[in-house]
Amino acid sequence: MPYEKSRELFIQARQYMPGGVNSPVRAFKAVGRDPLFIARGEGALIFDEDGNEYIDYVGSWGPLILGHRHPEIIAALRTCLEIGTSFGAPTRLEIELARAIVEALPGVEMVRLVNSGTEATMSALRLARAYTGRNKIVKFEGCYHGHADFLLIKAGSGATTLGVPSSPGVPPNAAADTIVVPYNNLNALESIFTRHGHEIAAVIVEPVAGNMGVVPPVKGFLEGLREITQHYGALLIFDEVITGFRLSYGGAQELYKIDPDLTCLGKIIGGGLPVGAYGGKKHIMEKVAPEGPVYQAGTLSGNPLAVSAGLATLKVLKRPGTYEELERKSALLYQGMAEAAREAGLTLSFNRVGSMLCIFFTETPVVDYTTACTADTRRFAAFFQSMLEQGIYLAPSQFEAVFVSLAHTDEQIQKTVEAARKAFAAIKYT
Ligand code: PMP
């Protein structure tokens, strides 16, 4: 396939933007090639600047559960343009989206709209600290919650659980109150709570991890989190930025029947426009300014364009049968890919929850960050390259999800499976 135009644009982009991109993983570094510059999208397809066509399994990293340019989203945006793009004042539309979120998510009684997932988690943790009067927070190794200083923390070395900054520029004292625990490990969490229980404001978790590849919670893990946090008076925060409105209309909390104190949202609720939200129990949310003392604000928060696109998305998702259809398509892709790998004689670890899939290039079952890291990233890169050459656009990293959308047709899924069959055969000896 020709890539000249993308290559030329990347040279220009690097002159003006660090690494040529506005978010690091877009640069394709993990797969050792230059990124594609995308010219447009339609349904499940994207087209690059060289005119190449791809079946898209990134979906803008999760928001596009209806695919690109869904007619109802486009219509909602057109209507919105007639009234204006931002007022910095309350609008009727915001009530509609807030109501839709509250009605959908069992754990959410009140919600505040923000502009990104990062803002949502950062604000939810400020609120949790204010509400409990405690400083420490617990996060899980391999979970990503945006790039706020105190969340950009990895596990300390060896047996220590104290977090260390995972980026220069994060001061050590920003890491000092963040405790990092292995995902799916209740024993480790319990021992932390035994030692620090009364200093911990909150545990934040991706109920299905999507940022170390896809890692489902083992049986009892989420229930255990609920029990332990309740016992010690800490808040349980579900980061449903990916899973919200994806795993079911009521998110992972509905799927696993867990009632978190606070929930973070993003991606799907903005229908492809910048958005985020945090919400939860009324008695906690009432502490947020101006109702309460916890400050948090945003010039463009709740802006009509993002709210309109989000509302249009939720309206489609709420129709009967949508999640069954998404599950059917996702199962089709999963089964086809798993069979193709088996046929090629490759033993790989597949994880899937609903429309979140991951093929780990390891024989080890992946249940946490350590096991995710057993994946052969060089082999993944070869697989990625082969898929791309065959017109299949996957996330350019082993540690991301494959997102299925309602726009993917059975035919496109079949084509993807055929491509995977060839890709697996080609990388067998790499
Ligand atoms: N939480 C989770 C679970 C995420 O996956 C992400 C982003 N992928 C974020 C938070 C941060 O969201 P944003 O990129 O919108 O700041």
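1. Helices here are DSSP runs of H or I with at least four residues, strands are runs of E with at least two, and both are numbered from the N terminus. On that basis, Trp61 sits in the loop between strand 3 (53-56) and helix 2 (71-83). The model is a predicted one. Trp61 is not a glycine, yet its phi is positive, near 70°. It counts as partly exposed because 19 C-beta neighbours lie inside 10 Å, and a residue needs 20 or more to be called buried.

2. Asn184 also deserves a look. Its phi is positive, about 65°, although Asn184 is not a glycine. The residue lies in the loop between strand 8 (178-182) and helix 6 (186-196). Asn184 counts as buried, since 23 C-beta neighbours lie inside 10 Å.

3. Asn184 leads on to Val218. Leaving out residues up to four places away in sequence, Val218 touches Asn184 and Val367. Val218 is placed in the loop between strand 9 (200-205) and helix 7 (221-232). Its 14 C-beta neighbours inside 10 Å make Val218 partly exposed. From Val218 to Phe140 is 78 residues in sequence and 14 Å in space, C-alpha to C-alpha.

4. Next, the chain as a whole. It is divided into domain 1 (4-69 + 320-427) and domain 2 (71-317). The centres of the two domains, taken over C-alpha atoms, are separated by 25 Å. Their contact takes 28 residues from domain 1 and 30 residues from domain 2.

5. Now the side of domain 1 that touches domain 2. Helix 11 (322-343), strand 13 (349-353), strand 14 (356-360) and helix 12 (369-372) each supply at least two of its residues. Strand 14 gives the largest share, 4 residues. By type, this side divides into 16 nonpolar, 8 polar and 4 charged residues.

6. What surrounds the ligand? The shell holds 16 residues, and the closest are Ser116, Gly117, Thr118, Gly146 and Val241. Helix 4 (residues 117-132) gives the most to this shell, with 3 residues. The shell residues divide into 10 polar, 4 nonpolar and 2 charged.

7. Lys267 carries a record annotation. UniProt, in an unreviewed entry, places the feature "modified residue: N6-(pyridoxal phosphate)lysine" at Lys267. This lysine is in the loop between strand 11 (262-266) and strand 12 (276-280). Is Lys267 buried or exposed? It is buried, because 28 other C-beta atoms lie within 10 Å. Beyond residues up to four places away in sequence, Lys267 touches Gly62, Pro63, Gly117, Val241 and Ile242. Gly117 and Val241 are also listed among the closest residues to the ligand.

8. The largest nonpolar core has 135 residues. Ile101, Ala128, Ala202, Ile237 and Ala277 touch the most other members. Helix 10 (residues 304-317) provides the largest share of this core, 8 residues. Domain 1 and domain 2 each contribute at least three residues to this core. In soluble globular proteins, nonpolar side chains tend to be buried together.

9. Neighbours within four places in sequence aside, Ala277 is in contact with Ile101, Val111, Arg112, Leu113, Val114, Ala120, Leu265 and Ile269.

10. The peptide bond joining Ala289 and Pro290 is cis, with omega about 10°. Pro290 is found in the loop between helix 9 (282-285) and helix 10.

Definitions and conventions
Residues numbered from 1 in each chain as written. Predicted model: local features only at pLDDT ≥ 70, side-chain atom pairs only at ≥ 80, totals over all residues. Near = placed C-beta within 6 Å. Nonpolar A, V, L, I, M, F, W, Y, C, P; charged D, E, K, R; others polar. UniProt positions renumbered as here; feature names shortened; annotations may be inferred. Buried ≥ 20, exposed ≤ 12 C-beta atoms within 10 Å, placed from the backbone. Contact = placed C-beta atoms within 7 Å. Core = buried A, V, L, I, M, F, W, Y, C linked by C-beta atoms within 7 Å. Domains from an automatic or database assignment.
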